[in-house]
Amino acid sequence: MAKMAADLGELLVPYMPTIRVPRSGDRVFKSECAFSYDSPESEGGLYVCMSTFLGFGREHVERHFRKTGQSVYMHLKRTVKEKATGAAGGAVARRRNGKVFLELNRDFNGDDYECEDEAKLVIFPEHHEIPLPNIEELPALVTIACDAVLNAASPYKKQETLAWEDEIQVSRHARSLRQEGNGVQIPPSGWKCSKCEMRENLWLNLTDGEVHCGKWFCDGTGGNGHALEHYRETNFPLAVRLDSITADGADVYSFDEEEAVLDPYLANHLAHFGIDILQVQKMQNGHTDKEMRLRAREWEVIQESGHKLKPVYGSGYTGVKNLGNSCYLGTIMQVLFSIPQFQRTYVGNLQRIFDYSPLDPTKDFSTQMAKLGHALLSGQHSKPPVKSELIEQVMKEERKVLDWQQQRGVSPRMLKALISKDHPEFSSIRQQDAHEFFLHLLNFVERSSPGSENPSDVFRFLVEERVQCCQSRKVRYSQRLDYCMRLPAPIEAATNKEELIAYETQRREAEENLTPPPVPVRARIPFTACLQAFTEPDNVPDFWSSELQAKSAGVKTCRFASFPEYMVVQIKKFTFGMDWIPKKLDVSIDMPDFLDLSRLRATGLQAGEMELPDLTPPIVIPENSRGNSLNSFLDSSDIDESSVLQLAEMGFPMEACRKAVYYTGNMGAEMAFSWIIAHMEEPDFAEPLAVHSFAEAGPSFPTLSSFMGSQPPEESVAILTSMGFPRHQSIHALKVSNNNLEHALDWIFTHPDYEEESEAASDTADEEVDEGALSGANGHGDASPPPNQERLSPMVRDGPGRYELFAFISHMGSSVKSGHYVCHIKKEGRWIIYNDHKVCLSEKPPKDWGYLYFYHRLSGS
């Protein structure tokens with residue numbers, strides 16, 4: 001055997017230049033495949049490239065070998081076994097070759113399972129195997145590299161640890177918890193376990209007041225597990241860690257749910273045993289208690305906690321594991337991959353995407369989307385238990401075994417890391433707005449779909465904005481792109497006003513008298529009232545009337561110039577109070593299953609309406625610059641001097657730096673640097689910045705009549721063309737980015753080969769958009785495949801405005817920066833609830849408590 005190992009060690013010599021030792025900053029992917037969710041626990045284990053440190057499942061490692069020629073991989077395999085009956089408590093992973101190299105998986109209970117880890121080097125294509133560790137037979141460099149890989153932390157470990165601490169949900173036992181009247185009173189100190197005298201890691205059972213120690217951990221800390229034993233004897237589900245109790249809350253654990261939970265009634269539960277510190281806090285601030293009671297009810301309704309939900313398995317019924325306040329991502333992904341266009345783009349083209357992926361597929365958006373889509377739709381990660389497992393489960397009465405094996409869900413760590421990179425909010429472990437993430441994700445979809453099918457087309461539509469000068473009564477029509485219908489929630493239209501008024505009166509009295517607050521009341525608002533509020537005119541701040549040549553009062557109304565295939569409706573629940581503190585409107589809206597928006601179709605300029613003149617507001621020239629039309633310099637306060645200095649430190653002339661910052665709209669040194677590179681060969685590169693007066697600007701400031709209503713602002717076009725980009729490319733980039741200058745620049749850099757026949761062709765396309773919109777508005781447009789859908793441009797499709805609800809996302813919590821998201825999706829005629837990794841049949845979908853609603857166009861309309 002030693003000789004065979006030595007021979008295999010010699011086989012490594014030709015591959016020594018390709019074997020690297022991980023350096024500081026290298027990411028070692030030893031827990032997840034780049035193309036699938038295979039891990040060391042999978043049947044085929046995981047192969048880690050010893051050059052790139054990317055991980056690959058058995059199905060995908062051959063592809064990486066063929067593409068890169070890299071032959072040496074470390075194969076990692078973990079075997080999870082159920083402990084033998086009667087084994088002592090405690091979660092100690094079985095050690096193989098003296099080393100446990102993988103993080104413990106949180107998907108199973110360490111008290112019930114043990115792990116066996118195995119590592120070996122594999123040389124492709126012959127599949128020669130060298131067991132590890134094998135210090136005597138391997139070259140020193142290989143031994144060092146293997147040891148470094150085995151000891152490397154997961155690239156997500158720090159983020160997951162923090163996220164795990166933040167993840168918490170309301171216990172289903174909190175509301176109806178029974179507490180025994182045995183007279184137990186807990187002193188403020190001197191606690192010890194009633195079975196073993198241990199004085200640390202102590203847990204108070206909230207039913208009978210018994211104090212016991214917690215379970216023993218792998219690192220030698222913890223207790224003897226007497227709290228868990230007490231639960232198994234009594235079935236009393238909730239316990240609170242005594243040394244965690246403060247006026248702000250405490251750590252609560254549910255033995256039945258096997259996770260840390262939130263108990264909104266914790267103050268009352270602790271007061272039952274003489275612990276009144278939270279009770280005092282409640283009496284000082286009744287509003288806090290009201291909020292917790294309101295949220296507890298919200299969590300119960302949205303998660304359908306009062307129902308015994310039946311799990312579902314198979315294709316399309318795979319959950320997404322919560323990575324720590326990442327439920328906003330999971331719910332959006334579940335909805336998107338229930339849409340055929342997203343399925344076709346990413347899952348239908350899976351092999352092509354994988355075959356043409358870059359050398360580092362963890363950084364490729366299409367690859368990671370295809371990876372997640374295939375996992376959600378294949379059913380490989382959502383297999384129903386077989387009959388023998390069910391029988392064994394009932395006999396052993398160990399429900400967690402079944403949960404771990406069948407409904408673990410997938411963890412989209414790579415995708416989250418990719419799309420949240422450099423984003424200050426999405427890269428954190430804080431809760432985020434699902435609507436904001438939806439738009440952020442669509443931006444990635446847009447940028448990754450050049451010259452191919454863009455699935456985000458199904459959400460895009462044209463909005464017609466009608467602005468009217470209140471004094472002259474003249475109007476202006478324009479169009480913009482959008483992806484979501486934002487629906488107000490007018491509290492004043494609530495149908496239970498008397499109930500709300502009575503509740504508010506009782507709440508104030510409770511605060512004054514220091515008595516418990518009343519049961520919270522939620523405003524019930526008709527959907528028709530929300531739709532009416534959407535159609536009402538809005539005031540236009542700082543409106544400049546081209547008819548009056550002055551600022552005046554103006555109002556704006558919006559209608560649909562086109563209807564998308566999928567309509568997303570956002571209920572505007574999140575707002576700011578008078579104190580600028582974000583808050584959530586607690587409303588219930590009777591959202592319809594069938595939605596007809598046909599009457600909101602845009603009509604364009606009507607008979608009898610007079611248009612506002614096509615004039616732009618005058619450009620205000622600083623006082624000290626007037627009188628010098630040829631060299632009107634900007635005041636220093638108009639330019640970001642910090643960006644100017646950054647560029648000047650690179651060695652560029654000061655005046656050139658000032659021009660670069662000015663012509664890129666003060667959008668930072670990076671964009672200004674791009675302008676410098678594009679213009680540094682021009683003869684006036686270092687000449688002082690000059691801004692011409694409005695009267696002398698002439699053709700440099702064209703009026704609105706020079707372009708159609710959907711044309712991007714000329715100022716934005718001028719900024720991009722001044723950076724050296726062709727005019728037609730600049731216009732197209734602004735259109736696809738909804739006139740966002742920064743996103744337009746990103747689009748140009750990611751589409752360097754974009755070409756168009758001529759600028760005139762672009763103008764013709766613009767005319768076709770407007771003609772198509774008007775034609776669609778009058779119902780006379782010619783339909784093209786698919787049926788009942790008219791393509792207005794390469795970016796916008798149109799069709800009838802009749803829809804059916806197929807999904808909605810609900811939010812639980814007091815703010816968009818906290819709480820939890822759950823989604824319901826209608827599949828095969830039945831509603832399914834997706835709550836992180838748990839996927840079940842919905843018994844009572846809370847359609848009136850949602851935040852984001854997804855409608856699809858009726859096929860027969």
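Because the model is predicted, local features are reported only at pLDDT of at least 70 and side-chain atom pairs count only at pLDDT 80 or more, whereas totals for chains, interfaces and linings use all residues. Residues are numbered from 1 along each chain as its sequence is written, and side-chain values use heavy atoms, with hydrogens and water left out.

The chain holds 26 helices and 31 strands, where helices (H or I, at least four residues) and strands (E, at least two) are DSSP runs numbered from the N terminus. Of its 861 residues, 50% are buried, a class defined by under 20% relative accessible area, with exposed meaning over 50% and partly exposed the range in between (1.4 Å probe, protein chains only). The accessible surface of the chain amounts to about 41000 Å², and carbon and sulfur atoms account for 52% of that surface; these areas come from the Shrake-Rupley method with a 1.4 Å probe, and for residues only the protein chains shown count as cover. When contacts (heavy atoms within 4.5 Å) between residues at least 6 apart in sequence are considered, 69% join residues at least 24 apart.

An unreviewed UniProt entry carries the annotation "binding site" for C193, C196, C213 and H226; UniProt positions are given in the numbering used here, feature names are shortened, and annotations may be inferred rather than shown by experiment. Although these residues span 34 residues in sequence, no two of their C-alpha atoms are more than 8.2 Å apart, so they gather at one spot. C193 lies in the loop between β6 (169-170) and β7 (202-205), and counts as buried at 1% relative accessibility. With residues up to four places away in sequence not counted, C193 touches M198, L202, V211, H212, C213 and H226. C213 belongs to strand β8 (residues 211-213) and is likewise buried, at 0% relative accessibility; beyond its neighbours within four places in sequence, the residues in contact with C213 include C193, C196, W203 and H226. H226 is located in helix α5 (residues 226-234) and is buried with a relative accessible area of 12%. Leaving out residues up to four places away in sequence, the contacts of H226 are C193, K195, C196, H212, C213 and G214. The buried residues of α5 are H226, A227, L228, H230 and Y231, and the helix is followed by N235, whose phi is positive, near 65°.

In helix α10 (residues 340-347), the buried residues are Q341, F342, T345 and Y346. Because they cover an arc of only 105° around the axis, they are placed on the same side of α10, the arc being that of the directions from the helix axis to the C-beta atoms. In general, an α-helix has 3.6 residues a turn, so residues three or four places apart point the same way. The cover over the buried residues of α10 includes α9 (327-336), α11 (350-355), α12 (365-378), α16 (434-447) and β20 (566-571).

A salt bridge is taken as a side-chain nitrogen of Lys or Arg within 4 Å of a carboxyl oxygen of Asp or Glu, and by this rule the count comes to 32. The side chains of R63 and D355 form one of these, at 3.2 Å from N to O; the pair links distant parts of the chain, with R63 in helix α2 (residues 61-68) and D355 in helix α11, 292 residues apart. R63 counts as buried at 10% relative accessibility, whereas D355 is partly exposed at 41%. E641 forms a salt bridge with R658, with the closest N and O atoms 3.0 Å apart, and this pair joins helix α19 to helix α20 across 17 residues. Here E641 is partly exposed at 29% relative accessibility, while R658 is buried at 15%. E465, R480, D482, R486 and K556 are linked in a network of salt bridges.

M650 is found in the loop between α19 (641-648) and α20 (654-663).
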